Every structure is written in C-alpha cells, then in structure tokens.
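Reader: Please take a close look at the aromatic pairs in this structure and at the core around them. I would like the geometry along with the cut-offs behind each term.

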Amino acid sequence: MRSLRLIACGASLLLGLSGCALGPQYERPEIDLPESWPESQAPARPAAESAWWTRFEDPVLDGLVARALADNLDLRLAAARVGEARARLGFARAEQFPSIGLQAEATRQRQPAAAIGIEGLEIPPRNVFSVAGSLAYEVDLWGRLARQREAAGAQLRRSVYAQEAVRVALVADVVAGYYGLLAAREQLAVTERTVDSRRENVRVQRLRFEAGMIDELALRQAEAELASVLAQLPGRVDAVQRLESALGILLGLSPAELLAESLPQSGRLATAAGPAPIPAVLPAELLARRPDLRAAEAALEAATAGVGVAMAARLPQLNLAALLGSTAAETGDLFGSEAETWRVGAGLAGPLLDFGRSRAGVETAEAQREQAELQYRAAVAAAVAEVRDGLRAYDNALGTLAAVEDQVAALRRTEALADIRYREGYVSIVELLDAQRALLGAEVVLAQARADRFVASATLYKALGGDWEEGAW
C-alpha cells in the first residue's frame, strides 16, 4: 500500500537523523606518575607466565585455586553483575531504535438511543474488527539516547574490570591463605613435638629427683617448661581452625563442607619452590594493567556521559508516532482498501517551568562526575603505594627468611651441644631448657617466615594487577 511505503520511507529518514550529543567528552585525567620505582627494585621482565602460582609446583594449591575460581561466591556475584550490565547496554541500544507494535481487536457494542437524542430510535448492536501496526520513535536531537548508551557501555566495562579485580584478589588471597594455613599447621606440629619432648623431660627429671640425683628446683623448672608449652597449644589449634574457615569461604565451600573440615591436609612449606620472578612494571603501566584502576576509569567515563544525559533532559524531546491498520464491521472486509486506516503524528515536549529540577539534575550529574574523578585519582595513588610497599615487603620477606634459617641452624646445633654437655654433667638443666626454648621460638618464627615469602609474593601479584604476561599489557 502506498501509505505503508510512505511511512516506511519516513521512518528510514528519521533513523538517519542524528543530533548533537551534549555534555563533555571523556578524557583521561592527567596524573603525575613517577618514571620508575625507588632504587630500581623490579628486575627484568620474566617470560610469559599466566598462572603464576604454578611456579610453586604444588598440586594441592593448584586444585584450591581452580576450586575457588569455579565456586567462590564473590566471583560468581561479580559475573552476575556483568550479565546485568550487559543487559542494560542492550536496553540502551534498543532505545535508539523505533518501537514497533502490533495490535488486534474485536468488539461488539450497542449505542444507546439516549446518546443520540432521537426518541424511539432503536440502534442494533454492531461488530468492529481492527488490525493495526504501530511505530513510535524518539528523534535523538540532543544525543540523550547516545549518551545513555555510552554510559551503559562504560558501566559494562566497569563490571568486567571489577570481575577481573575480584579474580585477581581471590587468587592472591587463596595463595596467602593456603601458605598461612601451612605455617599455622607447622607451628602446631612444632608445639606438639615440643610438648612430647617436655613430658619426657619431666618424666626423666622426676625419676632423677626420686633417686636423689637432682633437687626439687630442677624438677619444678622442667614442669614449668611443660606447662608453658601446653599453654600455647589452644592458641595454635585456634589459629589453624580460623585459617581453615577463612580458606573454605574463599573456596566457596558449603556450610556442610565447612563443618566437615574437607580441606586437604597435605601440603609443602619447607620444600615448596620459590616464588615467580618479579616483573618490571613501570608506574604508568599500572593504569592499563590493574583491573581495579580500569574499573574506576570506566566509572568516570559513565559519569561523564551522565552529564550529557542530564543536559539533554533539559531540552524538548521530539517523539514521532505512526499507525497503519484496517478496521471493518465484518472480518471478510477487514483487509479491503476501504477498511484501511492510518495515522502519522509528531509531538514536541519539554520542561518549561520546573522550578530548577532539570538544573539540579545537571548539577547532580556534574557532582557525580567530580566524585568519580577523585575516586579514580585516589585509586591510582593507592595502587602506586601498594606496589611500592609490596616490593619492599617482598625484599624484606626474603631477607628475613634467610636470617631465620641461619638462626634455626645455629640453635639446633646449640641445643644438640647443650644436650650432650648436660648428659655429661657439664651444664645444668637450666642451660638445656634455655637452648630448647630458644629453638622452639625460632622454629615457630621460621614457619611464619617461610609463609611470609609466599604471602608477599601473592600480595605483590595483586598489587601489580594480575597475571604476569609479557605482551598482554
């Protein structure tokens, strides 16, 4: 039909119309970043290594990370938010196109004679059938819909980067939690071995006291040492249980699995492979590497587009509508030329006097954009500080571990010599207990120092923004 062709041609022309997009264009804020890290702490960039934790060569850890990436609730929540943002972007895209509808109606009605004003007139009931298609379209004169789509796209990127930031933090937390748990279990084992040794020592000292070989002071000193170590056991057990619960939450264990203590009991700490080499990442590279910074920048982009949406809302909107259909009293006549009906119209509507509502909307959007920029700047500053502190902590952890390993080696030799000299009668039980006490404390510190090396590596991994892949930045 000619009218249908005219409406279709008009719609095609309207789709080609484009208005000027109001509002500021996004530009990344200028931030004064250092050219390098202090004292060139980062060595040369290593070969590509996407799963950095596999450098530890611990299959138990590999399984825990895989379980966390599959079942962690926070990561699944972030993925659901990505799905929501993607749907919102689809809605914003659809808003830029016409809305086409179809309606069909069948009615039977009787008009009362009183409504016509002719006394005694009997009007029989009649049928009305209609089929129509409708089209509604908003001409985006000021770019409001375009800005909405731009904001929705930025929000989607923000959600994707936020999900990646959760993943990065999750892997680092699992690694730190795993090695922290191994350290706590090793400290518990050292304490339990020490308890056994102290009990045996008390048994021997009691026999010697009963035989008159030592006085009561030596016996009571041995008993005091046993009680001191026994007092440490509840704290060690509590630390293990707390770390197991925290790691279970990261893995996404169900409440039943948490209560069943289904975490693996195997794992290596003393013989674990060393952490991966630290990559050379310039401060400026963090802007493109860390997903949390990219998420903050995407939020700033969305807020910038929101200013344009608010500005366009202050201006009139041009809405077009068209209807093409057929109406008849009999279904057989419904699609005849005489039953054809059509309607084309345009409406222009906008605020005239809203007592500052639209102006306040623009001011709100501008304030939100300012907040987003400040949050982005604060995130960049915090990221640089985290990397600087992480590099220092990493170096300190390696230095501390080396020193504690030397201390433990010396104290083990000291304890062995003290035991020999005590058995030969050259030193008292006090000297032997002092050597054993010092060795116990050093072995506990050694377990923590070994774990701190991996925790520092995981913390630095998170600070640098994820997998250390060359060419992926």
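Author: The structure holds four aromatic pairs, where rings of Phe, Tyr and Trp (its six-membered ring) pair if their centres lie within 6.5 Å, with planes under 30 degrees apart counted as stacked, over 60 as edge-to-face and the rest as tilted. This is a predicted model, in which local features need pLDDT of at least 70 and side-chain atom pairs count only at pLDDT 80 or more, while totals for chains, interfaces and linings use all residues. Residues are numbered from 1 along each chain as its sequence is written, and side-chain values use heavy atoms, with hydrogens and water left out.

A pair of aromatic rings is described by the distance of the centres and the angle of the planes. For Tyr178 and Tyr179, the ring centres are 5.0 Å apart and the planes are at 70°, so this pair is edge-to-face. Tyr178 and Tyr179 are both buried, meaning under 20% relative accessible area, as against exposed at over 50% and partly exposed in between (1.4 Å probe, protein chains only).

Tyr179 also pairs with Phe454: the centres are 4.0 Å apart and the planes at 10°, so the two rings are stacked. Because Tyr179 lies in helix H5 and Phe454 in helix H11, this pair ties together parts that are 275 residues apart in sequence. Helices (H or I, at least four residues) and strands (E, at least two) are DSSP runs, numbered from the N terminus. The relative accessible area of Tyr179 is 0%, and Phe454 is likewise buried at 0%. Together with Phe56 and Tyr178, these two residues form one aromatic cluster.

The surrounding packing comes next. The largest nonpolar core has 42 residues, and those touching the most other members are Trp52, Trp53, Phe56, Leu61, Val174, Val175 and Tyr179. Such a core is a set of buried Ala, Val, Leu, Ile, Met, Phe, Trp, Tyr and Cys residues joined through side-chain atoms within 4.5 Å. Two or more residues of this core come from each of helix H2 (59-71), helix H5 (144-210), helix H6 (216-251) and H11. H5 supplies the largest share, 16 residues.

Leu61 shows how these members meet. Apart from neighbours within four places in sequence, Leu61 is in contact (heavy atoms within 4.5 Å) with Trp53, Phe56, Val174, Val175, Tyr178 and Tyr179. A second, separate core has 18 residues, including Leu33, Leu287, Val380 and Val387.
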